Amino acid sequence: MFERLKNSALASRIRYAFGKAAGHPSPWDKDDTLVSSTIPVTDDLSSRTRLTPAKLASIIRDADDGEPGDQARLLEVILEKEPRFAAHLQTRRLAVLGCRWSVQSEKAPEEAARLEAILKKAGCRKAMESLMRCIGMGYSGVVVDWSPGGGEIRGFRPISSDRWVFDQGGNPALDTDTGGRMPLSSFHPAQILYCQADGMTGLPARNGLLRTLLWLYLFKNTSFTLWNQFLERFGVPFILGKLPSGDFNDAAKRNELLRSILAVRSGGGGVGTAETDMQMINGASSSNHDAFERFQRYCDETATLVILGQLASSDRASGLSMGGAQDKVRQDILEADCELVSQEMQRLLDWLVRFRLGVDDGDFRFVIDCAKPEDMNTRAERDARIASASGCFLDRKYAEETYGIRLGERAAGMPGMQEGFSDSPATPGEQPKRKRPTAADRRMMKICASAIGSLVDADALEAYRGSVERASRNAFGDIPEGLDDHELLEEFKKRAPAFLATLPGAMDGIKEDQLAKALADVMTASAMNSTLPPSFWKSYPLSREGSRDS
């Protein structure tokens, strides 16, 4: 692209775009420049100078001119001194490193498995972690240590951030120990993995998130120094001593009073005359004591928004707008970060395939699985609502494959949801045969619905009415007939755990003893209203579950 501009007036501005005329060396050839680039420049910026607005402006100007060495060293110092910045960047790095990656191939899956093993053995995780540094710095690079012939990778060495320089076209080069500059294009393309953060136009040194926070860091730490001075001046009460006007001009008495005040501050006691007056004065007021704290909080929240894109990961997450919506922001950032890293890892994989197989047809792919896992509780509730609304059974094979559980045969007399599954898909157009509910079934479902209705709000009961009816039918549908009222209630209580286990997740808060008490109350009320035989409340008095007055 740049070859036709090599002898033009723009050549000086894009001088790092041109490589060696003799061609590239082999990727496994060792170069002193590559070795030295992994060693940081010995220059402790934090102890050499105190950061001031003028010094920071000078560092930023140098970075904008393609010399970001001081800026990179300053950013390293900031990550040491500002734990919030370091923690948020680490959150983004670990989010990517926590995703499973693999090498996939449709034509040669066995070779793909061998390539994946080679990358893992070489320390692919370390390479990905080093490339992720471009999020904060704006750029990052890793040296690939190839074995002779290129069939194996021995390891990876990250390039120090302060070794990079850029021309006005954004083309990178490495700063050598001898003072020379080696353009990245002078090395074999497989020797260095170079990653650049997406951002605004300009040099890569301007695209890092930490570059955006440089001035904020300066203001925050300047404010923190002033805050300490403020607390020392106004946060600690001081003592005001008063002398009679006739004694004020007496230096000996003034000094004696001052010594007494200092004794009070350090030892808690002092001596004075009857005319001596000492007053404890508190300099802090409700209008100014938290001004610096609010500013510090503003700086911290701004940094969180810049790096993480939302506040839900730190200390604010409630409801859909603050929790669910910001969770989507985290997912978007994770997918973008994975795409950023996977591009360079795909380039490395292409070279590895080319060296090992002699040709690269694009069949091998480096894939990072960053898809958000499905919420199985939501899916289970959806399946239950669909099955209830359609009146169809769930396919047993679908349930086992979807939820990863194995359904056994139901034991005789054991209540549960087993009858809600079909061993084979239903014939299209065929509706499952259901037993017509009897008067006793309807009474039972009404009692269960009334008991549940006393424990949850009406909206929840209406939303899950079908599920409640199905759960009550499965748990209580085979209760033997001919039981007296006391035996009937005991049978209800015995089957209550199975009934609760089949309720929707929104009703997990209901306990067994709460359900048993609610069933007893509903059955007592039904007996008193002639829905149940009037002998019920006599055979099972309320004193067993509570007082009659309740």
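On helix 3, the face turned away from the buried side carries the exposed residues A54 and R61; exposed here means over 50% relative accessible area, buried under 20% and partly exposed in between, with a 1.4 Å probe and protein chains only. This is a predicted model, in which local features need pLDDT of at least 70, side-chain atom pairs count only at pLDDT 80 or more, and totals for chains, interfaces and linings use all residues. Residues are numbered from 1 along each chain as its sequence is written, and side-chain values use heavy atoms, with hydrogens and water left out.

Back to helix 3, then. Its buried residues are L56, I59, I60 and A63. These cover an arc of only 95° around the axis, so they sit on the same side of helix 3; the arc is taken from the directions from the helix axis to the C-beta atoms. In an α-helix there are 3.6 residues a turn, so residues three or four places apart point the same way. Helix 3 runs over residues 53-64, 12 residues in all, and reaches 16 Å from its first C-alpha to its last, close to the 16 Å expected at 1.5 Å a residue. That expected span is 1.5 Å times one less than the number of residues. After helix 3 comes G66, with a positive phi near 95°. Helices (H or I, at least four residues) and strands (E, at least two) are DSSP runs, numbered from the N terminus.

Now for the rings. A search of the whole structure turns up 6 aromatic pairs, where rings of Phe, Tyr and Trp (its six-membered ring) pair if their centres lie within 6.5 Å; planes under 30 degrees apart count as stacked, over 60 as edge-to-face and the rest as tilted. One of them is the edge-to-face pair of Y139 and F166, at 5.1 Å centre to centre with 70° between the planes.

Together with W146, they make up one aromatic cluster. W351 is buried at 16% relative accessible area, and the charged end of R354 sits over its ring, 4.4 Å from the centre. For that label, NZ of Lys or CZ of Arg must be within 6 Å of the ring centre and within 35 degrees of the ring normal.
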